[in-house]
Amino acid sequence: VSVTRRPTASAAVPPTTMTNGSVNGGAATTRAIGLYGTGDMTRVSFTSTSFQGGSTSAAASRSSGVFLESCSGSPDFVTTTTFGGSSIGSVAGTTRTAFEAEGATCSPRLSGGRHMGCEVGVMCIGVACRTASPCTILNATIVGATGSGYHIFGVRCLTGGCASLAGNDVRAGTMSTTSSGPEGIGLEIDGASPAVDDNRVVGPNGGTAAMVGRYYGVYLRTTRSLLTNNVIEAGALAALVQAVRYDLTTMGPALIEPTFHSNTIDYAACTACGARTGIAAAAGAGGMPSPSGVFRNNIVRHTAAGGITMPVRELDTMADLRIFENNDLYDPTSGGVYVDEGTTTLNITQVNTTIGPGNIDLTCQLNATWHIPVTSPCRNAGTATGAPDHDFDADGRPRETFYDI
């Protein structure tokens, strides 16, 4: 299906709707798209409709369930299902994307539904918004690879793409075994600054993979994103995984930095899987960045005993976080809670003296739904500075006199 509308002479643009439909891009050689949209998409909406990209047979081919290119307006996708497509046989360099949009005037709204990059493929992407496309993504289920892929992403917000994500379940999916630059990322924010609130984000899963790759729950670079009330999990991949990875840039903190406030960040044990980390900060290549990144009232915890683990790691000498206050760093097996300058392991007293105040290293006693009981040491232990006015249940904060971690 191709939607290409031109502006009308009348003030009111007539609606275009599709409900309970099913669209399949079919078989192609290099490009297969279920729905292609461009031009004026004001008052265009799709409800409970399925879009599938189809299958391609050539190397470096692409397929998309939905592809919006330089559209204008805010088309609505309500409880839709999108699927990137599949390969015919073994095809190198293929990319499958369930839903993608680009262009500053193209501001689609996804509400609910399920969006799957691919079952099996080379690069599998659930949702990608790039080139300043201000997508709004609400209450959706998004998976990069439901079977296995070498490069898998739940959501990618690139070069100014994405306006906000709220209430979503975002997962990288399942990794294939590969030794060629593997990537598995739940949410990638690179050169974009969406608001990210009340999502569950899970990194890659899989039994085996190359030990070293880009394996993250959330990846951040060159961003002013505010991330609040999210549950972020490293995933269950048998490899070196970081639940949150922040690559600092050479631009100073007054110009650009992310803010993490009131999130839960989980990582689990994995024997012989390399180091597992809750928050990892890296200076990156090409310069000496100023300290940047704001982290307050977060729970960072090791959810099971064993393995080589650490709540927070500065991966090199220039990877300094600017503000680190009132976080809970719980890891009873790590022998410390914070690796400073890439080499020095600090206990909680040293963290509060040299990194930032108000941090604790006790279990918050979270239950299976990430709520704390009245006996939790994280109760009333947070800071009000920069705190959101609600929690992930949409209840007002603070709940009592002080803010919780």
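**Close-up views of a predicted 405-residue protein**

**View 1. Overall fold of the predicted model.** With 405 residues, a compact globule would have a radius of gyration near 22 Å, and the protein agrees at 21 Å. That radius is taken over C-alpha atoms, and the globule rule is 2.2 Å times the number of residues to the power 0.38. This is a predicted model: local features need pLDDT of at least 70, side-chain atom pairs count only at pLDDT 80 or more, and totals for chains, interfaces and linings use all residues. Residues are numbered from 1 along each chain as its sequence is written, and side-chain values use heavy atoms, with hydrogens and water left out. Along the principal axes, the C-alpha atoms fill a box of roughly 65 × 50 × 40 Å. The secondary structure comes to 1 helix and 36 strands. Helices (H or I, at least four residues) and strands (E, at least two) are DSSP runs, numbered from the N terminus.

**View 2. Burial in the protein.** Buried residues make up 56% of the 405 residues. Buried means under 20% relative accessible area, exposed over 50%, and partly exposed in between (1.4 Å probe, protein chains only).

**View 3. The largest pocket.** The largest pocket has a volume of about 470 Å³. Of its 23 lining residues, the closest to its centre are W370, H371, I372, D391 and D404. On a 1 Å grid over the protein atoms alone, a pocket is an open set of points with protein on both sides within 12 Å along at least five of seven lines; a cavity is a set where a 1.4 Å probe fits but cannot get out; lining residues have an atom within 4 Å of a point. Grid points are joined across faces, edges and corners, and a volume is the space filled by probe spheres set on the points.

**View 4. The largest cavity.** The structure holds 1 cavity of 30 Å³ or more. About 30 Å³ of space lies in the largest cavity. Its lining is formed by T222, T223, Y246, T249, I256, E257 and P258.

**View 5. A195 and its surroundings.** A195 sits in strand β21, which covers residues 195-197. A195 is partly exposed, at a relative accessible area of 41%. Not counting residues up to four places away in sequence, A195 touches A163, S164, L165 and L226. Contact means heavy atoms within 4.5 Å. D320 is 125 residues from A195 along the chain, and their C-alpha atoms are separated by 23 Å.
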